[in-house]
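Hi everyone, thanks for coming. Let me put the structure up, and then I'll walk you through it.

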Amino acid sequence: MRARLGGLPTFVLLLGAAYCLFPVAWVLIAATKSTGELFSTSTLSVGSSLVANLGELHGYRGGVFWQWVANSALYAGVGALLSAALSGVTGYALAKYAFRGRALIFNALIAGVLVPAVVLAIPQYLLLSKVGLTDTYLSVLLPSVISPYGIYLARIYAAASVPEDVVEAARTDGASEVRILGSIALPMMVPGLVTVFLFQFVSIWNNFMLPYIMLADDGKFPVTLGLYTMLKQGNTTPALYTLVVTGSLVSVVPLIALFLTLQRYWRIDLLSGAVKA
Amino acid sequence: MATRVRGGTAPRLAPYAFVAPAVVLFLLVFALPIAYTVYLSLFRTEVKGLGLGKGSRSEVFVGLDNYVRALTDSELGAGALRVLGYGAILVPTMLGLALVFALLLDEERVRARGFSRIAIFLPYAVPGVIASLLWGFLYLPGTSPFNQALRELSLPGVDLLSPTGIYFALANIAVWGGVGYNMVVLYTALRSIPRELYEAARIDGCTPWQVAVRIKIPLLAPALVLTSLFSIIATLQVFAEPTTLAPLTNSLSLTWTPLMKVYQDAFGRGDLYSAAATSVLIALVMFVISFGLLRVTRSRAFGGER
């Protein structure tokens, strides 16, 4: 029955792959072009200015671009690490203990997924400005640490990967609850927590609205916001378009690298949460 | 849902200590701002005299007045319709493609599956702002390879940045960024279906097409419901993409989507009270849609969960 070759299905799948890779290929080529070439030469002809473009990007306003990249790495790295830890501890507690208020806490957290970011970001901005915390690193980090989606996933992972009798046995042996969590449960949940980390890393790295609202000083901008402000100025200074294109290329490289090296953790089962190989 | 805990052995305080940090952060980052928004939505600034000097501006309670204004605001209504139009293009296209790709990945006779899976998922790693920048250049008549190709065939160019084209331009960016994620979710769900089911069907003479339509898609229903829900929520929140494309075209006003209008009200016009009322309305609509969708399909979506 399997004798028929999968010609058309393979073609459809490869067509999808081509569609998804196309803009990435375009930016690779476009980044090699000078401003004149970008608007005049054929799309697929490679230019000669990649090094010059990178040099210009490096020199743009005293190297502020690298500051943006470093900021993005800081927001996403620290934010996702704290978020994975918090999700792990909370998810474990919600999955493995029966206690009063558990359903209430879980439902409230899940409802948090549904609240639009802008509905939160504006009052968060107003409240943080009352305590003088707007335009600080903390103003972007703090709201990024709690992730309802991460807690939801961690709860499912805890239920699926930490066996009840192991916890019970440790308890009988006199291990404290903190010790059971730290040396038994969390290590068992690591593959799931890596997934939570990756999700949160990507979502913080990609977040635009929160820093857009919170930050005024462009020295604290993440790279997405920095490139957006450059694009806006490109209306009056077309030379900036070349820098935006080059900057876009540089900014997606670390994410794509992270993505390819850790791709075995991108198995998402929203219903059972089992991490499958 | 969770594993049952035998009564008595588990200590009483530990779970509270473990959930405390998340609860405190949740209250600070979610609950307090939401309460503050609701509070703001019920007030307005009243200016006395010329509005100069201290104490000439005061907050007065206006009840539901801000809501009435928001509901009768024609620009907000137009924005909501624009987002509906955009979503009507986006959600079926994205989920349809994701479903097709997931089913193809699950077919053993299809080749280059590993490569295709990574390639299609890859755009998920690209921030919406950067994706909008890239596609923006691909749409821009001066740099667009599509128009270049059309010109060489002496065909008229397509302007995706025109007032109508912009719907497709925006939907395409979101499809590009989201199809891979949804494909992976659906594919993961497909992998958890016992293979014996297909074998049995195959022995009964079902073609792969019949297996896909009669067995796989019905079993995917819960995952499809969840991916639809998340896609609809993301669609209603669209902000970064139109904001990023706006500098490249006149087709996108600063109030093109309801959320962009909220941002403009709050920071452009400084009218926090209207912005708050509109925010609450948007949140309510999202809750109604989400719970409605979950209620209708609840037994199917969560029936299998432990």
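**A walk through the model**

Let's begin with chain A: among its contacts between residues at least 6 apart in sequence, 74% join residues at least 24 apart. Two residues are in contact here if their C-beta atoms, placed from the backbone, lie within 7 Å.

Some housekeeping. This is a predicted model, in which local features need pLDDT of at least 70 and side-chain atom pairs count only at pLDDT 80 or more, while totals for chains, interfaces and linings use all residues. Residues are numbered from 1 along each chain as its sequence is written, and chains are lettered from A and ligands numbered from 1 in the order in which they are written.

Back to chain A, which has 14 helices and zero strands. Helices are DSSP runs of H or I with at least four residues, strands are runs of E with at least two, and both are numbered from the N terminus. The C-alpha atoms of chain A fill a box of roughly 75 × 70 × 30 Å along the principal axes. Of its 277 residues, 47% are buried, meaning that 20 or more other C-beta atoms, placed from the backbone, lie within 10 Å of the residue's own.

Now for one helix pair. How do α4(A) and α7(A) pack? Helix α4 (residues 64-96) and helix α7 (residues 137-145) of chain A pack at about 30°, with their axes 8 Å apart. The axes are lines fitted to C-alpha atoms over the stretch in contact, and angles run from 0 to 180 degrees between N-to-C directions. The two helices are therefore roughly parallel to each other, a label for angles under 35 degrees. On the α4(A) side the contact includes A:Y75, A:G79 and A:L86, and on the α7(A) side A:V140 and A:S144 are among the residues.

Next, the interface. The contact takes 88 residues from chain A and 88 residues from chain B. On the chain A side, helix α1 (residues 7-30) gives the most, with 13 residues.

Finally, confidence. The predictor gives the complex an ipTM of 0.84 and a pTM of 0.84. Chain B has a mean pLDDT, the predictor's confidence in each residue from 0 to 100, of 85, and 91% of its residues reach 70 or more. Over residues 1-8 of chain B the pLDDT is below 50, and it stays under 50 over residues 301-306 of chain B.

How values were computed. Parallel < 35°, antiparallel > 145°, perpendicular 65-115°, else oblique. Buried ≥ 20, exposed ≤ 12 C-beta atoms within 10 Å, placed from the backbone.
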